[in-house]
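Good morning, colleagues. Please turn to the structure that I shall present today.

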Amino acid sequence: MMTKAAQMDNLIEASAANISSTELLAMIHQIFNIDLGTLPLTPLPQSVLEAYLEQAAGSVTGPDVRRMLNETLAVNLDALSGLEGARISLFSKGHWMLQQQGDLFIVHTGAGDVDVTITPTAYYAQQTSSISMPHELLEALVQLGFTYDQDSSSCSYADPSGKPVSDAFKGQTMRSLITFIRTSCASL
């Protein structure tokens, strides 16, 4: 099965010389099910893409578009593509970026990505007969700097300086979740 990033690459390659910002936004919406135009982003995605396309002058590539969107708007389409099938729901920038039936954990980022909260899904609770964060995952998240709230069965992290959580930290967090899911939840 082709990843969402690869699908985007193929569509851009097929129309790169003639692609418009409106077409790129539609492509992202079609492939990733994310309407960048409705997200609370600054600067506006349409103008960012227009500036990029003008500078690229017909030599547009999927990896370059995704890199620019991550650097400019903090929308990491490569990371979203990499989470396909990981059984993780992601709520960020006020919208569901990823959500499938059968997901085991929810990653919820606050405004400006300055904090992140991880909770088991209702599906996980139903399958395991427990609403608590699994001990092995809890230990991994606490090692990263998360704190556990037993009342909400969630782990939370906020950058002490109030800055957005870094891509490196997000990557470590997602790797911890994916590793736990692969090793401990294969039968769910």
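This is a predicted model: local features need pLDDT of at least 70, side-chain atom pairs count only at pLDDT 80 or more; totals for chains, interfaces and linings use all residues.

Residues are numbered from 1 along each chain as its sequence is written, and side-chain values use heavy atoms, with hydrogens and water left out.

I begin with the core. A nonpolar core is a set of buried Ala, Val, Leu, Ile, Met, Phe, Trp, Tyr and Cys residues joined through side-chain atoms within 4.5 Å; buried means under 20% relative accessible area, exposed over 50%, and partly exposed in between, with a 1.4 Å probe and protein chains only. The largest nonpolar core holds 53 residues, and those touching the most other members are Met8, Leu36, Val65, Leu69, Leu77, Ile88 and Phe105. Contact means heavy atoms within 4.5 Å. Beyond its neighbours within four places in sequence, Leu69 is in contact with Ile28, Leu36, Leu49, Ala74, Val75 and Leu77.

Next, the helix. Helices (H or I, at least four residues) and strands (E, at least two) are DSSP runs, numbered from the N terminus. Which residues of H7 are buried? In H7, residues 135–144, they include Leu137, Leu138 and Leu141. The buried residues of H7 fall within an arc of 100° seen down the axis, so they line one face of the helix; the arc is that of the directions from the helix axis to the C-beta atoms. The face turned away carries the exposed residues His135 and Gln143. Among the elements covering the buried residues of H7 are strand E3 (105–109) and helix H8 (167–184). Glycine 145 follows H7, with a positive phi near 115°.

H8 also gives the most to the lining of the largest pocket, with seven residues. In total, 24 residues line this pocket, and Asn76, Ala79, Leu90, Lys170 and Met174 lie nearest its centre. A pocket, on a 1 Å grid over the protein atoms alone, is an open set of points where a 1.4 Å probe fits, with protein on both sides within 12 Å along at least five of seven lines; lining residues have an atom within 4 Å of a point.

Finally, two buried residues. Threonine 121, in the loop between E4 and helix H6 (122–128), has 9% relative accessibility. Tyrosine 52, in helix H3 (residues 45–56), has a relative accessible area of 11%.
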